[in-house]
Amino acid sequence: LLLARALRKMDIGEESSASYQEVLQLPFDLVDEFGIPLALYAADPLIQDNAEGRAVVERIQARFSTRDWISPPEAYLIQELLEPIATSQPSQVSSETAADCRRQAAEHIRKAEQALALQRDFPDLGLLSGREDDRPREDPLWVPYGQPRWLVSLAPSGQESEFLLLTVGAKGALESVAGDRAFGAVNSGGLSFVSVTDSEGETVGPSFPGLNLAITAGPEERLSEPSGLRFFYLITVILVLSVTFFGAYLLWRDVRREVKAAELRSQFVSSVSHELKTPLTAIQMFAETLRLGRTRNPSARREYLETIVNEAQRLTRLLNNVLDFSRIESGKRAYSPEPADLDEVLQDAVKAMEYPLRQRGFELEVETENNLPKVRVDRDGLEQAILNLLDNAMKYSGDSRRIDLRLRTENTHAVIQVTDRGLGIDPRDQERIFEKFYRVSSTDSGRIPGTGLGLSLVSHLVKAHGGRVEVKSSLGEGSTFSIYLPLGGPR
């Protein structure tokens with residue numbers, strides 16, 4: 001995997017693709033520290049090559065054909081990997097197949113989350129006898145749990161003081177009973193499994209202690225009741241349903257927020273892992289080359305050393321972003337504003353980005369206004385904000401290789417602008433790009449690495465200086481990010 005990444009960075013595409021294909025065929029039980037199969041780490045680069053989408057989908061189908069446990073982080077990663085295939089129409093692979101795999105991943109996520117919830121709620125189900133040794137009853141109870149409804153019970157495992165937790169989907173059993181002709185001839189209502197503690201329904205039988213089958217009355221029975229009582233029942237049902245639906249909405253909103261946060265955390269961990277491994281791999285590869293003396297050419301050695309320094313600086317910027325975000329979240333980020341020449345801050349940022357700009361063929365046009373007054377700023381914080389904007393401009397420039405960096409005054413503010421001529425940002429996303437972890441979801445930008453922290457940190461750093469950050473962008477025409485700093489300094 002490290003070899004494939006190094007070859008890809010060196011633009012040796014054919015050998016890199018071959019190495020990624022070897023990784024894709026690794027057994028699924030070979031996982032990283034997050035429980036994600038290493039084979040999936042080869043999927044994204046192969047999909048980007050626009051030639052191996054079918055192989056990726058076939059491997060994911062093979063993953064679903066096993067009966068092994070698939071964790072929520074792995075299922076979320078599979079959904080993210082298949083999104084560009086499912087939403088496009090490439091000739092090499094059917095988008096319907098990819099969409100079907102995404103639906104299977106969603107089903108695994110739902111089942112896994114309900115299984116984890118069952119593990120958490122198990123002590124409250126009353127399946128244990130309550131004795132000191134917590135052994136199950138001789139006649140185990142069955143209780144309904146969750147939505148969709150599961151029937152849950154305990155069974156001996158063959159080992160003393162040990163037992164198995166059994167879960168059975170109730171949907172099939174209910175459909176079988178409801179479809180019986182004899183039952184349908186006498187009742188047109190619905191069915192549901194309930195616990196005996198609910199004092200409702202009829203017992204299922206001695207084989208299912210603790211479980212009742214509740215039957216809802218059919219329309220003929222309801223019409224036979226007095227109209228006044230029916231009206232009272234109707235109002236009561238409407239009131240109960242209204243309260244229930246409102247409570248369910250609040251619960252759904254909280255659960256959705258937690259699931260979204262868990263998904264964002266999982267994506268963030270995955271993105272940071274990828275972002276850290278890439279520069280570390282390059283540093284290790286070029287350092288090993290120099291240590292073993294495999295090149296005698298002074299210009300090549302100098303280029304390798306510059307690459308090592310550049311990747312180390314890139315790694316430092318990423319770590320600074322993560323550390324600053326942690327300090328901001330905990331309210332411990334401190335600033336030390338002092339009078340500074342903004343032109344010098346810009347030149348320091350340009351110097352830090354000089355090598356990566358030159359290596360990737362970018363032309364940076366710098367324009368500064370003369371006789372600018374000094375502004376009270378935290379030099380490190382402001383330089384970090386400018387570096388983040390320049391790094392974003394490089395990532396999202398597409399085929400364009402021109403970036404403009406301007407410094408000027410406007411009324412009572414100093415304005416720092418970074419302009420690219422690349423992919424641009426949809427107006428619907430422009431209001432959210434400064435949120436933490438938020439990344440624009442599109443086919444083009446979805447393949448660009450990133451953590452979703454850069455613009456969030458820029459916004460916080462600028463606001464801490466009493467300023468603001470604005471964006472003007474059109475799809476396909478590029479973007480301009482403007483930092484406005486008060487000339488009087490932060491208040």
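The model is predicted. The protein chain has 491 residues, and 39% of them count as buried. Its secondary structure comes to 15 helices and 13 strands. Among contacts with a separation of 6 or more, 62% join residues 24 or more positions apart.

**Helices H12 and H13**

- Two packed helices are described by the angle between their axes and the distance between the axes.
- Helix H12 covers residues 342–359, and helix H13 covers residues 379–395.
- Their axes come within 9 Å and cross at roughly 40°.
- H12 and H13 are therefore oblique to each other. Angles under 35 degrees would count as roughly parallel, and 65 to 115 as roughly perpendicular.
- The crossing of H12 and H13 is right-handed.
- On the H12 side, the contact residues include Leu342, Val345, Leu346, Ala349 and Met353.
- On the H13 side, they include Leu382, Ile386, Leu387, Leu390 and Met394.
- Charged residues take part too: among them are Glu344 and Asp348 in H12, and Arg379 and Glu383 in H13.
- The contact of H12 with H13 divides into 13 nonpolar residues, no polar ones and five charged ones.

**An aromatic pair**

- The structure holds two aromatic pairs.
- One of them joins Phe434 and Phe481, with ring centres 6.4 Å apart.
- The ring planes of Phe434 and Phe481 stand at 85°, so the pair is edge-to-face. The cut-off for that label is over 60 degrees.
- Phe434 lies in the loop between helix H14 (427–430) and helix H15 (454–464).
- Phe481 sits in strand S13 (residues 478–486).
- The pair therefore ties together parts that are 47 residues apart in sequence.
- Phe481 counts as buried because its relative accessibility is 8%, and the limit for buried is under 20%.

**Two loop residues with positive phi**

- Which residue lies in the loop between strand S8 (363–368) and strand S9 (375–377)? That is Asn371.
- Asn371 has a positive phi of about 60°, although it is not a glycine.
- At 79% relative accessibility, Asn371 counts as exposed. Exposed means over 50%.
- Asn411 is found in the loop between strand S10 (402–410) and strand S11 (413–420).
- Asn411 has a phi near 60°, a positive value in a residue other than glycine.
- Is Asn411 buried or exposed? Asn411 is exposed, with a relative accessible area of 74%.

Terms used: Residues are numbered from 1 along each chain as its sequence is written. This is a predicted model: local features need pLDDT of at least 70, side-chain atom pairs count only at pLDDT 80 or more; totals for chains, interfaces and linings use all residues. Side-chain values use heavy atoms; hydrogens and water are left out. Axes are lines fitted to C-alpha atoms, for helices over the stretch in contact, and angles run from 0 to 180 degrees between N-to-C directions. Helices (H or I, at least four residues) and strands (E, at least two) are DSSP runs, numbered from the N terminus. Angles under 35 degrees count as roughly parallel, over 145 as roughly antiparallel, 65 to 115 as roughly perpendicular and the rest as oblique. A crossing is left-handed if the near helix is turned anticlockwise from the far one by less than a right angle, and right-handed if clockwise. Contact means heavy atoms within 4.5 Å. Rings of Phe, Tyr and Trp (its six-membered ring) pair if their centres lie within 6.5 Å; planes under 30 degrees apart count as stacked, over 60 as edge-to-face and the rest as tilted. Buried means under 20% relative accessible area, exposed over 50%, partly exposed in between (1.4 Å probe, protein chains only).
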